[in-house]
Amino acid sequence: MGVFLAATLFTFFWVDTFFARGLADVRPMFRWMPTLMIFLVAALTMRQWSEEQQTGTLEMLFTLPMKLWQLVIGKFLAVVGLVVVALALTAFLPITISFFGNPDPGPIVGGYLAAVLMASAYAAIGLFISSRTKNQIVALIVTVLVCGLFQLVGSQQITGLVNADVGEILRAFGTGSRFESIERGVLDLRDLLYYVSLTVVFLVLNVFSLDNKRWGIGDAAKQMRFNSKVGVTLLAVNLLAFNVLLYPFHSGRLDLTADRQYSLSDATKDLLGNLQEPLIVRGYFSKDNHPLLSPLIPTIEDMLEEYKIASNGKMDLKILDPIDDPEAEAEANQVYGIQPTPLQVSERSGASVLNVYFDILIRYGDQSTTLNFQDLIDVTQYGNDVDVHLKNLEYDLTRSIRKVVYGFQSIDAVLATLSEPAQLTFYYTPSTLPDSLADAPDTIQTVAQGIADASDGKLVFTSVNMDDASSNVDPQQLYNQYGIQPIATGFLSADTYYLYMVASAAGKNEVIYPSSTIAEADVRSSIEGALQRIAPGFLKVVGLWTSADQQDEMAAYYGQSSSLQAFDTVSQMLGSDYDVQTIDLTTGQVPDNIDLLMLIGPKDFTDIERYAVDQYLMRGGTVVVMGGSYDLGVDQMMGTLALVPIENGLQDMLASYGVTVEPTVVMDTQNAPFPVQVARNAGGVTVQEIQAIDYPYFVNVRASGMDRDNPILGSLASVTLNWASPLTVDADKNANRQVTTLLKSSANAWTTDSPSVEPNFTLYPELGFPAGSDQQSYPLAVVIEGSFDSYFKDKESPFAAATETPADTGTGGGSESAPAAPVNGPIASSPDTARLIVIGSSEFLNDNVMQTASRVDQESYTNDLQLVENVVDWSTEDTDLLAIRSRGESARLLDPLSDHDQRFWEGLNYGFALVSLLALGGLWQWRKRTEKPMALVTVPVAATPEVHDDEQD
């Protein structure tokens, strides 16, 4: 036990370098556990029967009033009991980790349970082998060889030498592969049955092996030996058959992980349960696959089978090898573009190239997508060893299914998601409608009734003529319930009319306002859009944070300036096509249903709020940051507009991601006009009027400064960014990411850090500001796609810091009590699907600025809003289901520890092991000294009956 503990601690702290990994888990211990368990159990079982035979005490045991199976079970429980004690002494490792980390208890419990089950099987094997020899060393060596063979048979080194079918069979017989299944935190009935079967077979063999030593050499003994062999064989065959019959059974699983990482999420079940068309899934896997990929195929097949069950018969699943099916291979190649991937394989004769299929096709209606091995797997390096594992299978599958389903969605699919029929009510006043809208009621009623008739009862349409006294509709009630107000027929007209539709379902109401043209296509589009917004799961959710929403009257002033920010226009615009939710970041986390996180004018952030943004990006989300280094404010001393430096923003965090928001503002000779009020003398009378002047702070980006290859910009002719800060992209940090510079100024731009924003044409008659000497083009908006490292990767937990200083830390989210740290974090790095979009200005979305600028340039105002819409459209195309990603890829990190702290905790574990062993030794010595011999019971000798001579004869 001492050697076992020393080896466990050495491999944990030195071989797998626990502290260097930085993860709060005990996987390094369990990675070596199967190998260490072989030697521990072999050492414990080597003398159990061998010494009994060598010293001659076995015959004495046979004479005791006990059955052989009782003796065998006694030895077995003794060995397993010692193994449990040895494992209990390692429990100080996860206890220690809990002091400076947040480990998931599921894999820990699973790992210990798997170790006990494996030890039970090895103990049964070791006892049987010990009963077959008098030599303890022989028993030790043979036990190690047999147990090692059971572990090796399912390893990649062996399965890689055979085809996939044989490899799967070998993995089913391997104790190591079964151990890994339970150790990850999933208790599978098939794995339990396997270990129980192995244990029972060898314990029965042990009983018959001992019983065989009591038999003679006559015919009766031969018959008994034959019967025992037949009995053991039948038992083994039946248990094998039971395992084979149970192997396709996938439902007998218990997910022990904290976030149920290996169970289908509610989002996946809802998606599959609402399928209206057949979902076709094809798994293309070569039987002769790469040795590192072959072990992953059964896991994928099991997961796809779970998807099929959850689809209630709507999923058509087939797993096939295209090489064996020429027609399927031709379809995969020609229709879906699936090609075999060449991979290098090491063989005895040298390296060779193997062309394999490792692809999944997902098709729904006319939409399809594919996943290859690069999309599904991840590779981790452990010294010289390479660990190939699935990234997050459920996330990858569900995201792909959702993409094709939403690409093919129809109004029928939207209505099918509703638990109760949707209500569509049309309110109108035909008597007061303008002449241009006289035919609108008939058009609306025709289209709406047609949709309702085709909905199979899922949509109920009602038309309400408010001119009819019998309608009993109170205009005030409409206003109170839906915010509907009568529409004026003209700018100066007192006449009004009603022409509204209201869609209601799932506790939501969506008002459909009249459009400029009442064509059937427009009416149908408006109705379908409203139903999509109220139907669950079909409308993208945009999480919006704006600096204006975080302010109150008491926090309106900071420094000598006050904020002039308001972002209602952009919020209302996004609300027409998305479910816009205002986000509170002070909890330290972004809700899981958010498809896109948009931050406008971020400032006065606490570390907990930064943590929420950081972890959302780490979950593979899309973060859009619109903000520079300055806000537009009012200088209270001068009473003029001024730029105010932003404090406690996201500059440091963005810099860690590889994009720096410079502490300056870009000025450009290519700019949009700014309306100013000037006084003009007209015949002795002073007239106040609005004039447009060139304003270098309003940088106008045109086609030459746009990346036309990116769909975000689409057909935009120009974009105006007001008081924008330049961006600098760190090439080293973004070496493995895709970086796109969306917008950049003209080559005649320069920067300034002056707070003054009002022009002085007296001193600078051309531009109103001094022109910079070093003029060049500056990036103003960038898109970065790829894997990011967390800003908090090597930092102290912000929740711990907030707990220590609970007082208000700023206007952006200080609170009286710090929120609890999320259980499933932090995530150390993001997947490749993460996207970061940074635009160096928030003022181009400021209501006050847009209202002022629209006086002279309406196109600039609409283009800026169109840019935001394009950003959201592009960002939410395939970035969703972040809750699943968090469940599967949540990395539980260790708190930062100094070298001194690391040595302290490591030494503490060594010290605990040593003290525990000494305590056990002392307890054992005390037991030996206090042990007394068993009291023998005197058995009276029965009188011998007399034997007469005739009876004797």
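Predicted model: local features only at pLDDT ≥ 70, side-chain atom pairs only at ≥ 80, totals over all residues.

Student: What makes helix α12 (residues 175-183) mostly covered?
Tutor: Buried means under 20% relative accessible area, and 8 of the 9 residues of α12 are buried. Among them are T175, R178, F179 and E183.

Student: How many residues of the whole protein chain count as buried, as a percentage?
Tutor: Of its 953 residues, 48%. The chain has 32 helices and 34 strands. Among contacts with a separation of 6 or more, 77% are between residues 24 or more positions apart.

Student: What makes M33 and M37 stand out in the largest nonpolar core?
Tutor: That core has 65 residues, and M33 and M37 touch the most other members. Helix α8 (residues 105-130) gives the most to this core, with 15 residues. Leaving out residues up to four places away in sequence, M33 touches F4, L87, A115 and F179. F179 is also one of the buried residues of α12.

Student: Which residues belong to the other core, the one of 41 residues?
Tutor: Y428, A440, I487 and A503 are among them, and this core lies apart from the largest one.

Student: Why is the pair of F698 and W723 called edge-to-face?
Tutor: Ring centres must lie within 6.5 Å to pair, and planes over 60 degrees apart count as edge-to-face. F698 and W723 are 5.2 Å apart, centre to centre, with 90° between the planes, so the pair passes on both counts. F698 sits in strand β28 (residues 685-701) and W723 in the loop between β29 (719-722) and β30 (727-729), so the pair ties together parts that are 25 residues apart in sequence.

Student: How do you know whether F698 and W723 are buried or exposed?
Tutor: The cut-off for buried is under 20%. F698 has a relative accessible area of 1% and W723 has 3%, so both are buried. The structure holds 28 aromatic pairs. Elsewhere, ring pairs link F12, F13, F18, F19, F99, F100, F904, W905 and Y910 into a cluster.

Student: How do you know that K75 lies over the face of W49?
Tutor: The charged atom has to be within 6 Å of the ring centre and within 35 degrees of the ring normal. K75 is at 5.1 Å from the ring centre of W49 and lies over its face. R835 does likewise with W874, at 4.1 Å from the ring centre.

Student: Why is N289 called buried?
Tutor: Its relative accessibility is 8%, and the cut-off is under 20%, so N289 counts as buried. N289 is in the loop between β3 (279-285) and α16 (297-310). Its contacts, leaving aside neighbours within four places in sequence, are S294, I297, L354, V356, Y357 and F358. N289 and V356 are 67 residues apart in sequence, yet 5.7 Å apart in space, C-alpha to C-alpha.

Student: What makes β4 and β8 the edges of their sheet?
Tutor: The sheet is open, with 4 strands in the order β4-β3-β7-β8 and mixed pairing. β4 (315-320) and β8 (367-371) each have a single partner strand, so one side of each is left without a neighbour in the sheet. Neighbouring strands are turned by 10° against each other on average, direction ignored. α16 packs on this sheet, touching β3, β4 and β7, and its direction makes about 165° with that of β4.

Student: How do you know that β3 and strand β7 pair?
Tutor: Two strands need at least two bridges. β3 and β7 (residues 358-364) have 7, in the antiparallel sense, so they pair. L279 stands opposite Y364 in β7.

Note on methods:
Residues numbered from 1 in each chain as written. Heavy atoms only, no water. Phe/Tyr/Trp six-rings, centres within 6.5 Å; stacked < 30°, edge-to-face > 60°. Helix = DSSP H or I, 4+ residues; strand = E, 2+ residues; numbered from the N terminus. Buried < 20%, exposed > 50% of the residue type's maximum accessible area, 1.4 Å probe, protein only. Core = buried A, V, L, I, M, F, W, Y, C linked by side-chain atoms within 4.5 Å. Contact = heavy atoms within 4.5 Å. Axes fitted to C-alpha atoms, helices over the stretch in contact; angles between N-to-C directions.
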